[in-house]
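The sequence and structure come first.

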Amino acid sequence: MKILSIQSAVAYGHVGNSAAVFPLQRIGVEVLPVYTVNFSNHTGYGAWRGPLIAPDDVREVITGIEERGAFPQIDAVLSGYQGGEGIGDVILDAVARVKAANPEAIYACDPVMGNAKSGCFVAPAIPILLRERVVPAADLITPNQFELGFLTDTSPDTLESTLASVDLVRATGPSIVLVTSVERPDREEGTIEMLAVDDHGAWIVQTPLLPMKANGSGDVSAALFTAHYLRTRDAADALARTTSSVFDLLERTHESGERELQLVESQEAYANPRMQFTVRRVR
């Protein structure tokens with residue numbers, strides 16, 4: 001399996017490609033990482049160094065990959081945080097070119113905008129770009145509950161309203177949706193859920209909610225779910241494996257007391273997930 005992953009990169013810590021590439025490699029996926037920024041660290045620190053990579057330069061790298069004859073072998077294009085409107089055009093162009101070379105390839109988009117606690121943390125034009133042009137071109141998306149609400153102009157909170165919002169976004173284009181944080185008002189205290197929906201049904205899984213915020217965990221989730229889904233076309237299995245791996249990564253990170261994901265130290269959780277959580281069919 002080969003995935004073209006167009007995302008940010010940092011030298012210190014793990015977000016974007018610096019979070020997604022190693023877990024994918026550890027489960028046997030060949031990754032072609034294309035960087036959209038090359039920062040010293042993620043911007044959550046409030047200070048960072050290094051360049052934004054101009055959209056034309058990103059396009060040049062992708063064209064060089066195409067010239068090596070790689071596109072017919074690419075199974076998925078994966079994208080995450082988009083720093084500007086220009087990079088969206090580059091990604092959509094890459095998706096079209098990959099699909100022309102391999103009609104079986106999919107586009108997996110993590111529509112990063114923000115979260116319920118901090119609101120939107122991207123440029124004002126980005127959520128509109130994602131909703132109107134990028135998400136409709138995607139086959140698989142991995143929004144959190146907040147992002148799902150923006151994409152559908154709804155306020156999902158219950159399981160029923162979240163499923164209804166998923167149906168709305170699926171009607172715009174993507175057939176596979178992973179909602180990475182479902183926080184229902186009636187859920188058991190100290191828990192959080194993930195929901196996966198495709199043409200065959202809908203499944204939910206509940207885990208303990210760890211008292212921490214971990215930059216990059218969504219990038220890992222999107223990458224692993226995409227790879228597992230590509231392998232099996234089984235949303236329930238992909239959900240179970242992704243949840244198991246990401247929970248163990250977060251738990252190890254929490255226990256370490258470190259701010260950054262313990263990505264390398266948790267590698268066994270990707271290669272051999274414990275499958276410790278029950279996935280329940282809800283539709």
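**Asp139 and its surroundings**

Apart from neighbours within four places in sequence, Asp139 contacts Lys99, Ala105, Ile106, Tyr107, Pro174, Ser175 and Ile176. The model is predicted.

**Loop residue**

- Asp139 sits in the loop that runs between helix H4 (125-137) and strand S7 (140-141).
- One of the residues in contact with Asp139 is Tyr107; a polar atom of the Asp139 side chain lies 2.8 Å from the backbone nitrogen of Tyr107.
- Pro211 is 72 residues from Asp139 along the chain, and the C-alpha atoms of the two are 32 Å apart.

**Sheet**

- An open sheet is formed by 9 strands, with mixed pairing, in the order S2-S1-S3-S4-S7-S8-S9-S10-S11.
- At the edges are strand S2 (30-39) and strand S11 (279-281), each of which pairs on one side only.
- Strand S1 (residues 2-10) pairs with strand S3 (residues 76-79) over 4 bridges, in the parallel sense.
- Within this pairing, Ile3 has Ala76 in S3 as its bridge partner.

**Helices on the sheet**

- Helix H1 (residues 17-26) packs on the sheet and touches S1 and S2. The direction of H1 makes about 145° with that of S1.
- Helix H7 (residues 217-232) lies across S1, S3, strand S4 (106-109), S7, strand S8 (176-182) and strand S9 (191-198). Relative to S3, helix H7 runs at about 165°.

**Second largest pocket**

- The second largest pocket holds about 150 Å³ of space.
- Two elements give two or more residues to the lining of this pocket: helix H8 (235-256) and helix H9 (267-271).
- H8 gives the most, with 4 residues.
- The lining consists of Asp248, Glu251, Arg252, Glu255, Glu265, Ser266, Glu268, Ala269, Asn272 and Arg274.
- Sorted by class, the lining residues are 7 charged, 2 polar and 1 nonpolar.

Key:
Residues numbered from 1 in each chain as written. Predicted model: local features only at pLDDT ≥ 70, side-chain atom pairs only at ≥ 80, totals over all residues. Heavy atoms only, no water. Contact = heavy atoms within 4.5 Å. Polar contact = N/O pair within 3.5 Å; in protein donor to acceptor, adjacent residues only side chain to side chain. 1 Å grid on protein atoms, 1.4 Å probe; cavity = no way out; pocket = protein on both sides within 12 Å on 5 of 7 lines; lining within 4 Å. Points joined across faces, edges and corners; volume = space filled by probe spheres on them. Nonpolar A, V, L, I, M, F, W, Y, C, P; charged D, E, K, R; others polar. Pairing = 2+ DSSP bridges. Axes fitted to C-alpha atoms, helices over the stretch in contact; angles between N-to-C directions.
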